[in-house]
Amino acid sequence: MTAKRKPLYTVVIYPDWCKGCGICAAFCPKKVLRIDHQGKARVDREDECINCGFCELHCPDFAIVVRPRNGMGSSFPEPIPGTAATPCAPPGAAASPPSEAAQSPEPKKA
């Protein structure tokens, strides 16, 4: 008989968005997160994450994303070390031209 493997999750914190409120660290049931000396949330024990979703749902700044380690489950891009994360603007989004409808809206008829 083989032991059942616990699924593993990746906890991503966008440090530029985190204001260090501490809600995630205070209520994480497995103490995966902590507040570091700079007042920002940090992943301390990622292997203990059970994907309860509390941190992701209750972060007032949307600075935390939890997803399976196989890479599925999120459309947010990976944060690039040393740069600001931009989960709302995927790479290349700003370079694409607006749609034709957005360029010439029809006037409303009265």
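**Nonpolar core, aromatic pairs and cysteines of the predicted model**

The largest nonpolar core contains 16 residues, among which Val11, Leu33, Ile64 and Val66 touch the most other members. At least two residues of this core are supplied by each of S1, H1 and strand S4 (64-68). Strand S1 provides the largest share, namely 3 residues. In soluble globular proteins, nonpolar side chains tend to be buried together. The description given here rests on a predicted model.

With its neighbours within four places in sequence left aside, Leu33 is in contact with Val11, Ile13, Cys24, Ala25, Cys28, Arg42, Val43, Asp44, Cys55 and Ile64. Two of these partners, Val11 and Ile64, are named with Leu33 among the core residues that touch the most other members. The C-alpha atom of Leu33 is separated by 9.1 Å from that of Gly22, a residue 11 positions away along the chain. Gly22 itself lies in the loop between strand S1 (9-13) and helix H1 (23-27). With a relative accessible area of 15%, Gly22 is buried.

The protein has 110 residues, of which 23% count as buried. Among contacts with a separation of 6 or more, 54% are accounted for by residues 24 or more positions apart. The accessible surface amounts to about 8100 Å², and carbon and sulfur atoms contribute 58% of this area.

Aromatic side chains were considered next. A pair of aromatic rings is described by the distance of the centres and the angle of the planes. The structure holds 2 aromatic pairs. One of them, formed by Tyr14 and Trp17, is tilted, with a centre-to-centre distance of 6.1 Å and an angle of 40° between the planes. Tyr14 is buried, at a relative accessible area of 1%, whereas Trp17 counts as partly exposed at 26% relative accessibility. Phe27 and Phe54 also form a tilted pair, because their ring centres are 5.6 Å apart and their planes meet at 40°. This pair links distant parts of the chain, as Phe27 belongs to helix H1 and Phe54 to helix H2 (residues 54-58), 27 residues apart. Phe27 counts as exposed, at 54% relative accessibility, while Phe54 is partly exposed at 24%.

A disulfide is a covalent bond between the sulfur atoms of two cysteines. With sulfur atoms required to lie within 2.5 Å of each other, the count comes to 0 disulfides. Cys49 is in no disulfide, and the nearest cysteine sulfur, which belongs to Cys55, is 6.3 Å away.

Technical notes: Residues numbered from 1 in each chain as written. Predicted model: local features only at pLDDT ≥ 70, side-chain atom pairs only at ≥ 80, totals over all residues. Heavy atoms only, no water. Buried < 20%, exposed > 50% of the residue type's maximum accessible area, 1.4 Å probe, protein only. Contact = heavy atoms within 4.5 Å. Areas by Shrake-Rupley, 256 points an atom, 1.4 Å probe, with all protein chains shown as cover. Helix = DSSP H or I, 4+ residues; strand = E, 2+ residues; numbered from the N terminus. Phe/Tyr/Trp six-rings, centres within 6.5 Å; stacked < 30°, edge-to-face > 60°. Core = buried A, V, L, I, M, F, W, Y, C linked by side-chain atoms within 4.5 Å.
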